[in-house]
Amino acid sequence: MDSTDYKILKILQRNGRETASNISKEIHMSVSAVTERIKRLESENVIKGYTIVVDERRIGFAMTILMEVRLENPRFFDDFTKAVEDMDEIIACYYKTGEFDLLLKIACDSGDELEKIHRKIMNIGGVIDTKTDIVVKNVKNKYSAIKKPER
């Protein structure tokens, strides 16, 4: 990857629907060259897909929750991840280091719904503890980091 690839990624991160024509104007490269680079980035799985970013509050979720989960033993990891795959309220799940094993990002409507989600999670085999924080305000939300090219 070179600095031009990084420029294309930054533009697509800003707007995944940006046209190759507009990208080519911004980075001073032909449309066909931009299109080829995007196809290569997709085929190499640098670009894994395109999606939309929604405001959870505007679509009815009143709360965003960060929940840490501790497993009794790493052997429960696969069963846990399969269980959370089927829970639509869980937006993201990260396996991490530290006192807890996983970090979940959850969107829900109310404290009552959070309680139901918490009970579901506690009933997954191997879960021994959780720590839950309510997000007061989303200050920054990027979905992926783009490394700056070395000079």
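Reader: Hi! Which helix does Lys-10 lie in?
Author: Lys-10 sits in helix H1, which covers residues 3-14. Helices (H or I, at least four residues) and strands (E, at least two) are DSSP runs, numbered from the N terminus.

Reader: And what kind of model are we looking at?
Author: This is a predicted model, where local features need pLDDT of at least 70, side-chain atom pairs count only at pLDDT 80 or more, and totals for chains, interfaces and linings use all residues. Residues are numbered from 1 along each chain as its sequence is written, and side-chain values use heavy atoms, with hydrogens and water left out.

Reader: Thanks! Back to Lys-10: buried, partly exposed or exposed?
Author: Lys-10 counts as partly exposed because its relative accessibility is 38%. Buried means under 20% relative accessible area, exposed means over 50%, and partly exposed is in between (1.4 Å probe, protein chains only).

Reader: Which residues make the nonpolar surface patch?
Author: Ile-52, Val-54 and Ile-59 make that patch, of about 300 Å². Areas come from the Shrake-Rupley method with a 1.4 Å probe, and for residues only the protein chains shown count as cover. Ile-59 is in the loop between helix H3 (31-43) and strand E1 (63-71). Its relative accessible area is 53%, so Ile-59 is exposed.

Reader: New topic: how many salt bridges does the structure hold?
Author: There are 12 salt bridges, each a side-chain nitrogen of Lys or Arg within 4 Å of a carboxyl oxygen of Asp or Glu. One of them joins the side chains of Arg-37 and Asp-2 (2.9 Å, N to O). That pair links distant parts of the chain, with Arg-37 in helix H3 and Asp-2 in the segment before H1, 35 residues apart.

Reader: Is Arg-37 buried or exposed?
Author: Arg-37 is buried, at a relative accessible area of 18%, whereas Asp-2 is partly exposed at 32%.

Reader: What about Asp-5 and Arg-40, how do their side chains meet?
Author: In a salt bridge of 2.8 Å, N to O. Here Asp-5 of helix H1 and Arg-40 of helix H3 link distant parts of the chain, 35 residues apart. Asp-5 is buried with a relative accessible area of 2%, and Arg-40 is partly exposed with 28%.

Reader: Which salt bridge does Lys-96 make?
Author: Lys-96 pairs with Glu-68 (3.1 Å, N to O). Lys-96 is in the loop between E2 and strand E3 (102-108), and Glu-68 is in strand E1, 28 residues apart.

Reader: Last one: how many aromatic pairs are there?
Author: The count is 1 aromatic pair. Phe-77 and Tyr-95 form it, tilted, with 4.3 Å centre to centre and 45° between the planes. Rings of Phe, Tyr and Trp (its six-membered ring) pair if their centres lie within 6.5 Å; planes under 30 degrees apart count as stacked, over 60 as edge-to-face and the rest as tilted.

Definitions and conventions: Patches are made of residues with over 30% relative accessible area and no salt bridge: like charges are joined within 9 Å, nonpolar side chains (Val, Leu, Ile, Met, Phe, Trp, Tyr) within 5 Å.
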